[in-house]
Amino acid sequence: MDPVAALGEYQREALAAIEAADSPESIEAVRIEFLGKKKGRLRELQAVLGQVSPEERPVIGKQFNSVRNAVQTALESRQKQLSRPKQAADALDVTLPGSPPQLGTRHPVTQTLEEFRDIMGRFGFLVVDGPELEDDQHNFASLNIPEEHPARDPLENFYLATAAIAGRGLDEPPVLLRSQTSTVQIRVMEHTPPPVRIVSLGRVYRPDTIDATHHCMFHQMEGLMVGPDVTMAQLKTVLQLFARAYLGEDVAIRFRPSFFPFTEPSVEVDMKWGDIWLEIGGAGMVDPNVFRAVGYNPDEVSGFAFGLGIERFCMRRHNIPDIRWLYENDIRFLQQF
Ligand code: PHE
(Lines give C-alpha, C1' and ligand atoms only; values in the text may rest on other atoms or scores of the structure.)
Protein backbone atom coordinates (compact mmCIF):
# COMPACT_ATOMS: atom_id res chain seq x y z
CA MET A 1 0.00 0.00 0.00
CA ASP A 2 1.14 3.51 -0.73
CA PRO A 3 2.49 4.83 2.58
CA VAL A 4 1.06 8.35 2.11
CA ALA A 5 -2.39 6.93 1.38
CA ALA A 6 -2.06 4.62 4.39
CA LEU A 7 -1.24 7.57 6.64
CA GLY A 8 -4.24 9.51 5.32
CA GLU A 9 -6.58 6.61 5.80
CA TYR A 10 -5.31 5.99 9.32
CA GLN A 11 -5.85 9.61 10.29
CA ARG A 12 -9.35 9.83 8.81
CA GLU A 13 -10.54 6.64 10.44
CA ALA A 14 -8.96 7.43 13.80
CA LEU A 15 -10.53 10.90 13.96
CA ALA A 16 -13.94 9.52 12.94
CA ALA A 17 -13.73 6.81 15.64
CA ILE A 18 -12.72 9.38 18.26
CA GLU A 19 -15.61 11.60 17.25
CA ALA A 20 -18.04 8.69 17.44
CA ALA A 21 -16.93 7.49 20.88
CA ASP A 22 -19.59 8.38 23.44
CA SER A 23 -18.38 6.91 26.70
CA PRO A 24 -15.13 6.55 28.65
CA GLU A 25 -15.16 2.83 27.72
CA SER A 26 -15.57 3.34 23.97
CA ILE A 27 -12.89 6.04 23.83
CA GLU A 28 -10.53 3.62 25.62
CA ALA A 29 -11.31 1.00 22.96
CA VAL A 30 -10.51 3.55 20.26
CA ARG A 31 -7.23 4.39 22.00
CA ILE A 32 -6.22 0.72 22.06
CA GLU A 33 -7.21 0.22 18.43
CA PHE A 34 -5.45 3.26 17.00
CA LEU A 35 -2.62 4.07 19.41
CA GLY A 36 -1.98 0.80 21.24
CA LYS A 37 1.75 0.06 21.52
CA LYS A 38 1.66 -3.78 21.22
CA LYS A 39 -0.67 -4.34 18.32
CA GLY A 40 -3.30 -2.35 16.53
CA ARG A 41 -3.41 0.12 13.65
CA LEU A 42 -0.29 2.02 14.61
CA ARG A 43 1.86 -1.09 14.40
CA GLU A 44 0.44 -2.02 11.00
CA LEU A 45 1.18 1.48 9.81
CA GLN A 46 4.75 1.29 11.05
CA ALA A 47 5.14 -1.97 9.14
CA VAL A 48 3.99 -0.27 5.88
CA LEU A 49 6.27 2.71 6.51
CA GLY A 50 9.18 0.39 7.17
CA GLN A 51 9.17 -0.49 3.49
CA VAL A 52 9.81 3.00 2.11
CA SER A 53 13.17 3.76 0.56
CA PRO A 54 15.87 5.37 2.66
CA GLU A 55 15.54 8.64 0.67
CA GLU A 56 11.81 8.88 1.40
CA ARG A 57 12.16 7.91 5.04
CA PRO A 58 12.76 11.38 6.61
CA VAL A 59 9.76 12.90 4.84
CA ILE A 60 7.42 10.03 5.59
CA GLY A 61 8.74 9.85 9.14
CA LYS A 62 7.85 13.47 9.69
CA GLN A 63 4.37 12.94 8.32
CA PHE A 64 3.94 9.90 10.52
CA ASN A 65 4.82 11.93 13.61
CA SER A 66 2.43 14.74 12.82
CA VAL A 67 -0.43 12.31 12.06
CA ARG A 68 0.19 10.45 15.31
CA ASN A 69 0.29 13.75 17.25
CA ALA A 70 -2.97 14.92 15.70
CA VAL A 71 -4.70 11.65 16.60
CA GLN A 72 -3.20 11.73 20.10
CA THR A 73 -4.42 15.28 20.73
CA ALA A 74 -7.92 14.60 19.42
CA LEU A 75 -8.15 11.50 21.58
CA GLU A 76 -7.04 13.26 24.74
CA SER A 77 -9.52 16.08 24.37
CA ARG A 78 -12.35 13.62 23.73
CA GLN A 79 -11.25 11.62 26.78
CA LYS A 80 -11.54 14.78 28.87
CA GLN A 81 -14.99 15.57 27.55
CA LEU A 82 -16.28 12.10 28.24
CA SER A 83 -14.84 11.85 31.74
CA ARG A 84 -16.67 15.02 32.91
CA PRO A 85 -19.72 14.00 34.97
CA LYS A 86 -23.02 14.84 33.27
CA GLN A 87 -24.81 17.85 34.81
CA ALA A 88 -28.20 16.88 36.20
CA ALA A 89 -30.97 19.22 35.11
CA ASP A 90 -31.63 20.47 38.64
CA ALA A 91 -28.00 20.50 39.81
CA LEU A 92 -26.57 23.55 41.53
CA ASP A 93 -24.43 25.57 39.14
CA VAL A 94 -22.00 27.40 41.38
CA THR A 95 -20.74 29.50 38.49
CA LEU A 96 -24.07 31.32 38.03
CA PRO A 97 -24.21 34.88 39.42
CA GLY A 98 -25.91 34.98 42.84
CA SER A 99 -29.01 36.97 43.71
CA PRO A 100 -27.92 39.69 46.15
CA PRO A 101 -29.81 39.85 49.47
CA GLN A 102 -32.16 42.82 49.84
CA LEU A 103 -30.72 45.01 52.55
CA GLY A 104 -33.07 47.15 54.56
CA THR A 105 -32.34 50.75 55.51
CA ARG A 106 -33.16 52.68 58.63
CA HIS A 107 -36.37 54.68 58.44
CA PRO A 108 -35.75 58.32 57.48
CA VAL A 109 -37.30 59.50 60.76
CA THR A 110 -35.03 57.14 62.71
CA GLN A 111 -32.05 58.54 60.83
CA THR A 112 -33.17 62.06 61.73
CA LEU A 113 -33.61 61.13 65.40
CA GLU A 114 -30.12 59.69 65.48
CA GLU A 115 -28.60 62.75 63.85
CA PHE A 116 -30.46 65.10 66.22
CA ARG A 117 -29.13 63.21 69.24
CA ASP A 118 -25.67 63.42 67.76
CA ILE A 119 -25.80 67.16 67.16
CA MET A 120 -27.27 67.98 70.56
CA GLY A 121 -24.77 65.63 72.20
CA ARG A 122 -21.97 67.66 70.65
CA PHE A 123 -23.59 70.79 72.12
CA GLY A 124 -23.35 69.17 75.56
CA PHE A 125 -26.96 68.06 76.01
CA LEU A 126 -27.66 64.75 77.73
CA VAL A 127 -30.20 62.54 75.92
CA VAL A 128 -32.99 61.24 78.18
CA ASP A 129 -36.19 59.26 77.64
CA GLY A 130 -39.70 59.56 78.99
CA PRO A 131 -42.86 57.44 78.85
CA GLU A 132 -45.44 57.83 76.07
CA LEU A 133 -48.26 57.00 78.46
CA GLU A 134 -48.61 59.99 80.77
CA ASP A 135 -50.68 61.34 83.61
CA ASP A 136 -52.37 64.70 84.09
CA GLN A 137 -49.62 65.89 86.41
CA HIS A 138 -46.79 65.64 83.87
CA ASN A 139 -48.67 66.43 80.69
CA PHE A 140 -50.54 69.43 82.15
CA ALA A 141 -50.57 70.36 85.86
CA SER A 142 -46.84 70.75 86.48
CA LEU A 143 -46.55 72.55 83.15
CA ASN A 144 -48.78 75.30 84.50
CA ILE A 145 -51.74 74.26 82.35
CA PRO A 146 -54.82 74.91 84.54
CA GLU A 147 -57.91 72.69 84.86
CA GLU A 148 -60.08 74.65 82.43
CA HIS A 149 -57.38 75.12 79.79
CA PRO A 150 -58.51 74.10 76.27
CA ALA A 151 -55.31 72.03 75.82
CA ARG A 152 -56.87 69.48 78.22
CA ASP A 153 -60.00 69.10 76.10
CA PRO A 154 -60.81 65.41 75.48
CA LEU A 155 -61.19 66.33 71.82
CA GLU A 156 -57.58 67.55 71.73
CA ASN A 157 -56.06 64.49 73.39
CA PHE A 158 -56.00 60.71 73.33
CA TYR A 159 -57.27 59.89 76.83
CA LEU A 160 -57.31 56.20 77.62
CA ALA A 161 -60.12 54.28 79.22
CA THR A 162 -58.28 53.66 82.50
CA ALA A 163 -60.51 50.76 83.48
CA ALA A 164 -59.06 48.86 80.54
CA ILE A 165 -55.53 49.15 81.94
CA ALA A 166 -54.59 46.27 84.19
CA GLY A 167 -54.42 47.21 87.84
CA ARG A 168 -56.17 50.55 87.53
CA GLY A 169 -59.54 51.33 89.07
CA LEU A 170 -62.26 53.57 87.67
CA ASP A 171 -61.65 56.19 90.33
CA GLU A 172 -58.00 56.71 89.44
CA PRO A 173 -56.83 59.82 87.59
CA PRO A 174 -56.91 59.80 83.79
CA VAL A 175 -53.98 58.80 81.64
CA LEU A 176 -53.32 59.83 78.08
CA LEU A 177 -50.88 59.35 75.24
CA ARG A 178 -48.63 62.37 75.80
CA SER A 179 -49.47 65.32 73.56
CA GLN A 180 -46.00 66.87 73.95
CA THR A 181 -42.52 65.88 75.07
CA SER A 182 -42.55 68.78 77.59
CA THR A 183 -43.61 66.08 80.05
CA VAL A 184 -39.96 65.01 80.16
CA GLN A 185 -38.89 68.48 81.41
CA ILE A 186 -40.97 67.80 84.51
CA ARG A 187 -39.77 64.22 84.94
CA VAL A 188 -36.12 65.28 84.76
CA MET A 189 -36.41 68.30 87.09
CA GLU A 190 -38.37 66.30 89.66
CA HIS A 191 -35.37 64.01 90.10
CA THR A 192 -32.37 66.20 89.28
CA PRO A 193 -31.16 69.31 91.05
CA PRO A 194 -30.03 72.15 88.75
CA PRO A 195 -28.11 72.67 86.54
CA VAL A 196 -29.69 70.51 83.82
CA ARG A 197 -29.06 70.37 80.11
CA ILE A 198 -31.08 67.65 78.39
CA VAL A 199 -32.90 66.75 75.20
CA SER A 200 -35.58 64.12 74.87
CA LEU A 201 -36.79 62.75 71.55
CA GLY A 202 -39.89 60.70 71.07
CA ARG A 203 -43.44 60.27 69.89
CA VAL A 204 -46.38 62.50 70.73
CA TYR A 205 -50.06 61.99 69.89
CA ARG A 206 -52.82 64.42 68.93
CA PRO A 207 -56.20 63.80 67.32
CA ASP A 208 -55.39 66.33 64.58
CA THR A 209 -56.89 66.20 61.12
CA ILE A 210 -54.27 64.46 59.01
CA ASP A 211 -52.94 66.39 56.02
CA ALA A 212 -49.64 67.00 54.23
CA THR A 213 -48.05 68.63 57.30
CA HIS A 214 -50.01 67.10 60.22
CA HIS A 215 -50.34 63.62 61.60
CA CYS A 216 -52.01 62.15 64.70
CA MET A 217 -48.62 60.76 65.77
CA PHE A 218 -45.34 62.55 65.24
CA HIS A 219 -41.99 63.10 66.93
CA GLN A 220 -40.70 65.98 68.97
CA MET A 221 -37.34 66.92 70.37
CA GLU A 222 -37.66 68.61 73.72
CA GLY A 223 -34.74 70.67 75.01
CA LEU A 224 -34.24 72.05 78.51
CA MET A 225 -31.38 74.05 79.94
CA VAL A 226 -31.51 75.34 83.51
CA GLY A 227 -28.76 77.10 85.45
CA PRO A 228 -27.92 80.20 87.44
CA ASP A 229 -28.18 82.60 84.47
CA VAL A 230 -29.55 80.97 81.36
CA THR A 231 -30.83 83.54 78.84
CA MET A 232 -33.13 83.94 75.86
CA ALA A 233 -30.06 84.87 73.79
CA GLN A 234 -28.61 81.42 74.52
CA LEU A 235 -31.88 79.80 73.49
CA LYS A 236 -31.86 81.58 70.14
CA THR A 237 -28.20 80.72 69.57
CA VAL A 238 -28.69 77.03 70.35
CA LEU A 239 -31.68 76.78 67.98
CA GLN A 240 -29.83 78.66 65.22
CA LEU A 241 -26.76 76.46 65.54
CA PHE A 242 -28.89 73.35 65.68
CA ALA A 243 -30.85 74.22 62.53
CA ARG A 244 -27.62 75.00 60.66
CA ALA A 245 -25.98 71.79 61.84
CA TYR A 246 -28.85 69.70 60.47
CA LEU A 247 -30.02 71.69 57.42
CA GLY A 248 -26.89 73.60 56.38
CA GLU A 249 -25.44 77.07 56.83
CA ASP A 250 -27.98 78.82 54.64
CA VAL A 251 -31.12 77.80 56.53
CA ALA A 252 -33.17 80.77 57.75
CA ILE A 253 -35.15 80.52 60.97
CA ARG A 254 -37.22 83.19 62.71
CA PHE A 255 -38.83 83.69 66.10
CA ARG A 256 -42.37 85.03 66.60
CA PRO A 257 -43.77 86.14 69.97
CA SER A 258 -46.25 83.55 71.22
CA PHE A 259 -47.76 82.06 74.35
CA PHE A 260 -47.31 78.79 76.20
CA PRO A 261 -48.45 78.29 79.81
CA PHE A 262 -45.05 76.80 80.72
CA THR A 263 -42.76 79.49 79.25
CA GLU A 264 -42.60 83.26 79.66
CA PRO A 265 -41.73 84.90 77.38
CA SER A 266 -42.61 82.40 74.63
CA VAL A 267 -41.80 82.23 70.94
CA GLU A 268 -42.82 80.17 67.99
CA VAL A 269 -40.02 79.08 65.68
CA ASP A 270 -40.36 79.00 61.89
CA MET A 271 -37.98 77.88 59.18
CA LYS A 272 -37.89 79.02 55.58
CA TRP A 273 -38.70 76.31 53.03
CA GLY A 274 -38.81 77.67 49.51
CA ASP A 275 -41.16 80.64 49.58
CA ILE A 276 -42.95 79.76 52.79
CA TRP A 277 -42.21 79.88 56.51
CA LEU A 278 -43.08 76.57 58.16
CA GLU A 279 -43.64 76.35 61.90
CA ILE A 280 -41.17 73.94 63.48
CA GLY A 281 -41.86 74.34 67.17
CA GLY A 282 -42.25 76.42 70.28
CA ALA A 283 -39.78 77.70 72.85
CA GLY A 284 -39.29 80.17 75.65
CA MET A 285 -37.97 80.87 79.13
CA VAL A 286 -39.21 78.38 81.71
CA ASP A 287 -42.14 79.85 83.66
CA PRO A 288 -41.48 80.37 87.41
CA ASN A 289 -44.60 78.30 88.16
CA VAL A 290 -43.00 75.29 86.47
CA PHE A 291 -39.90 75.69 88.62
CA ARG A 292 -42.09 75.84 91.71
CA ALA A 293 -43.99 72.70 90.67
CA VAL A 294 -40.75 70.70 90.58
CA GLY A 295 -39.25 72.26 93.72
CA TYR A 296 -36.74 74.60 92.04
CA ASN A 297 -36.34 78.15 93.36
CA PRO A 298 -37.14 80.58 90.51
CA ASP A 299 -35.07 83.26 92.23
CA GLU A 300 -31.97 81.11 91.96
CA VAL A 301 -32.27 79.59 88.49
CA SER A 302 -33.48 80.48 85.04
CA GLY A 303 -33.89 78.25 82.04
CA PHE A 304 -35.01 77.87 78.49
CA ALA A 305 -37.05 75.10 76.90
CA PHE A 306 -37.94 74.22 73.34
CA GLY A 307 -40.01 71.60 71.54
CA LEU A 308 -39.36 70.97 67.85
CA GLY A 309 -41.31 68.85 65.39
CA ILE A 310 -38.87 66.32 63.99
CA GLU A 311 -40.72 65.24 60.84
CA ARG A 312 -40.69 68.70 59.32
CA PHE A 313 -36.90 68.89 59.56
CA CYS A 314 -36.64 65.48 57.95
CA MET A 315 -39.07 66.54 55.21
CA ARG A 316 -37.11 69.68 54.39
CA ARG A 317 -33.78 67.86 54.37
CA HIS A 318 -35.05 65.24 51.91
CA ASN A 319 -37.58 67.38 50.08
CA ILE A 320 -40.53 65.22 51.13
CA PRO A 321 -43.71 67.18 50.40
CA ASP A 322 -46.14 65.10 52.47
CA ILE A 323 -45.73 63.87 56.07
CA ARG A 324 -48.05 60.91 55.34
CA TRP A 325 -45.43 59.37 53.07
CA LEU A 326 -43.30 58.78 56.17
CA TYR A 327 -45.93 56.50 57.69
CA GLU A 328 -47.39 54.63 54.74
CA ASN A 329 -44.59 52.05 54.73
CA ASP A 330 -44.36 52.05 50.95
CA ILE A 331 -41.15 50.17 50.24
CA ARG A 332 -40.54 52.22 47.06
CA PHE A 333 -40.41 55.33 49.22
CA LEU A 334 -38.44 53.88 52.13
CA GLN A 335 -35.80 52.31 49.88
CA GLN A 336 -34.61 55.77 48.85
CA PHE A 337 -33.05 56.57 52.23
N1 PHE B 1 -44.70 71.67 74.03
C2 PHE B 1 -44.94 72.71 73.07
C3 PHE B 1 -45.81 72.12 71.93
O4 PHE B 1 -45.85 70.93 71.79
C5 PHE B 1 -43.67 73.23 72.50
C6 PHE B 1 -42.83 73.93 73.53
C7 PHE B 1 -41.85 73.23 74.20
C8 PHE B 1 -42.97 75.26 73.77
C9 PHE B 1 -41.07 73.89 75.16
C10 PHE B 1 -42.21 75.93 74.71
C11 PHE B 1 -41.25 75.22 75.38
O12 PHE B 1 -46.41 72.83 71.19
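Where does Pro-195 lie? Pro-195 is found in the loop that runs between helix H7 (183-191) and strand S5 (196-205), and a cis peptide bond joins this residue to Pro-194. The structure discussed here is a predicted model.

**Ligand surroundings**

- The ligand is surrounded by 14 residues, of which Gln-180, Ser-182, Arg-206, Gln-220 and Gly-307 are the closest.
- In the side chain of Gln-180, an N or O atom is 2.7 Å from a nitrogen atom of the ligand.
- Arg-206 places a polar side-chain atom 2.8 Å from an oxygen atom of the ligand.
- For Gln-220, the separation between an N or O atom of the side chain and an oxygen atom of the ligand is 2.9 Å.
- On its own the ligand has 320 Å² of accessible area, and the protein covers 91% of it.

**Strand S10 and its partners**

- Strand S10 comprises residues 302-309 and is mostly covered, with seven of its eight residues buried.
- Strand S6 (residues 217-227) runs antiparallel to S10, and eight bridges join the two.
- Within this pairing, the residue opposite Leu-308 of S10 is Met-221.
- Strand S9 (residues 276-286) is also antiparallel to S10 and is joined to it by five bridges.
- Here Phe-306 of S10 has Ala-283 standing opposite.

**Helix H8**

- Helix H8 spans residues 232-247, a run of 16 residues.
- From the first C-alpha of H8 to the last, the distance is 22 Å, close to the 22 Å expected at 1.5 Å a residue.
- The buried residues in H8 are Leu-235, Val-238, Leu-239, Phe-242, Ala-243, Tyr-246 and Leu-247.
- Viewed down the helix axis, the buried residues of H8 fall within an arc of 130°, and therefore they line one face of the helix.

**Cis peptide bonds**

- Most peptide bonds are trans, and most residues other than glycine have a negative phi.
- The bond between Pro-194 and Pro-195 is cis, with omega about 5°.
- A cis peptide bond also joins Glu-264 and Pro-265, where omega is about -5°.
- Pro-265 belongs to strand S8, which covers residues 263-273.

- Asn-144 is not a glycine, yet its phi is positive, at about 65°.
- This residue, Asn-144, sits in the loop between helix H6 (136-139) and strand S3 (158-159).
- The relative accessible area of Asn-144 is 25%, so the residue is partly exposed.
- Asn-329 likewise has a positive phi, about 55°, although it is not a glycine.
- The loop between helix H10 (310-318) and helix H11 (331-334) contains Asn-329.
- Asn-329 counts as exposed because its relative accessibility is 58%, the cut-off for that class being over 50%.

Notes. Residues are numbered from 1 along each chain as its sequence is written. This is a predicted model: local features need pLDDT of at least 70, side-chain atom pairs count only at pLDDT 80 or more; totals for chains, interfaces and linings use all residues. Side-chain values use heavy atoms; hydrogens and water are left out. Buried means under 20% relative accessible area, exposed over 50%, partly exposed in between (1.4 Å probe, protein chains only). Helices (H or I, at least four residues) and strands (E, at least two) are DSSP runs, numbered from the N terminus. Two strands pair if DSSP finds at least two bridges between them. The expected span of a helix is 1.5 Å times one less than its number of residues. The arc is that of the directions from the helix axis to the C-beta atoms. A residue is near a molecule or strand if one of its heavy atoms lies within 4 Å of it. A polar contact is a pair of N or O atoms within 3.5 Å; within protein, one must be able to donate a hydrogen and the other to accept it, and residues adjacent in sequence count only if both atoms are side-chain atoms. Accessible areas come from the Shrake-Rupley method with a 1.4 Å probe; for residues, only the protein chains shown count as cover.
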